[in-house]
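Hi,

Here is the structure I promised to pass on to you. Please open it alongside this message and have a look as you read.

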Amino acid sequence: MNDAEIDVKWNRWGAATGYLALVLGLVAASFERGAPPANAPVEQSLAYFVKYRTELLAQSLFFVLSAGVLLWFIGCLRSFLQRAEQGSGRLSGIAFAAGILWTGLQLVMQSAQVALAMGASGDLPPALAGMMGDLTYAFSVIAYVPMGIMLAAVAVVTWRFKAFPAWLGWLSAASAVVNLLMSAGIVVDGGPLVPGGVLTYVLYLLTAIWQVAVPTLMIVRAKRGA
């Protein structure tokens with residue numbers, strides 16, 4: 001096996017990490033037990049973490065593992081986009097930086113959830129529980145912005161340099177718009193724009209399709225390159 005064939009093999013395995021990240025995320029989502037809304041009374045939020053402590057810790061574990069795998073996948077995605085973009089690699093760099101920031105915010109959000117779930121087994125003051133719950137919510141909403149930027153960068157590289165088929169560019173753009181709309185959860189307390197609202201499920205669907213389509217296309221194009 002020559003160096004070119006080895007590179008193709010590693011590119012294919014790197015792209016496949018996108019599948020693993022999706023599977024781990026779906027396992028984590030299976031532990032969802034319907035979190036109280038952002039404006040719920042503190043006592044209700046604390047009772048939720050006490051009741052579902054084990055499920056929430058398991059959920060955080062799988063989300064953290066998924067985020068770890070995503071770090072690898074985002075690096076592979078950057079290389080793929082940079083090969084198509086050539087030149088300065090500005091857009092692929094933006095996609096990489098935004099993706100890493102989004103993943104980092106997800107990890108911090110899970111840290112807050114783990115702290116709440118672990119503390120809920122003891123005498124956790126309701127006021128502190130409420131503040132930690134708000135912090136978890138804030139990180140989840142803020143993370144929509146870098147995710148939207150990453151997807152927008154993928155869309156532009158697709159349209160300008162044909163990194164992916166045009167339809168993937170439109171899918172990325174639509175996902176980017178929904179992510180940026182969801183960031184309005186910072187200023188609204190209810191409705192379709194908050195996490196858990198109607199738009200959340202649209203985002204889940206678009207993200208799932210994207211996370212299957214992108215690694216698949218990366219693998220196919222690696223084979224063609226060989």
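This is a predicted model: local features need pLDDT of at least 70, side-chain atom pairs count only at pLDDT 80 or more; totals for chains, interfaces and linings use all residues.

Which residues line the largest cavity? They are L70, F73, I74, L77, W102, M147, M150, W210 and Q211. Two or more lining residues come from each of α3 (53-85), α6 (144-161) and α8 (198-225), and α3 gives the largest share, with four residues.

Next, helix α5, which covers residues 126-142. Its 17 residues should span 24 Å at 1.5 Å a residue, and the end C-alpha atoms are 24 Å apart, so the two values agree. Buried residues in α5 are A129, G130, M132, T136, F139, S140 and V141. What do they pack against? Their partners are α2 (42-51), α4 (90-119), α6 and α7 (166-182).

Finally, a closer look at A213, a residue of helix α8. A213 counts as buried because its relative accessibility is 10%, and the cut-off for buried is under 20%. Apart from neighbours within four places in sequence, A213 is in contact with W167 and L168. From A213 to T158 the separation is 55 residues in sequence, and 13 Å in space from C-alpha to C-alpha.

Definitions and conventions
Residues are numbered from 1 along each chain as its sequence is written. Side-chain values use heavy atoms; hydrogens and water are left out. On a 1 Å grid over the protein atoms alone, a cavity is a set of points where a 1.4 Å probe fits but cannot get out, and a pocket is an open set with protein on both sides within 12 Å along at least five of seven lines; lining residues have an atom within 4 Å of a point. The expected span of a helix is 1.5 Å times one less than its number of residues. Buried means under 20% relative accessible area, exposed over 50%, partly exposed in between (1.4 Å probe, protein chains only). Contact means heavy atoms within 4.5 Å.
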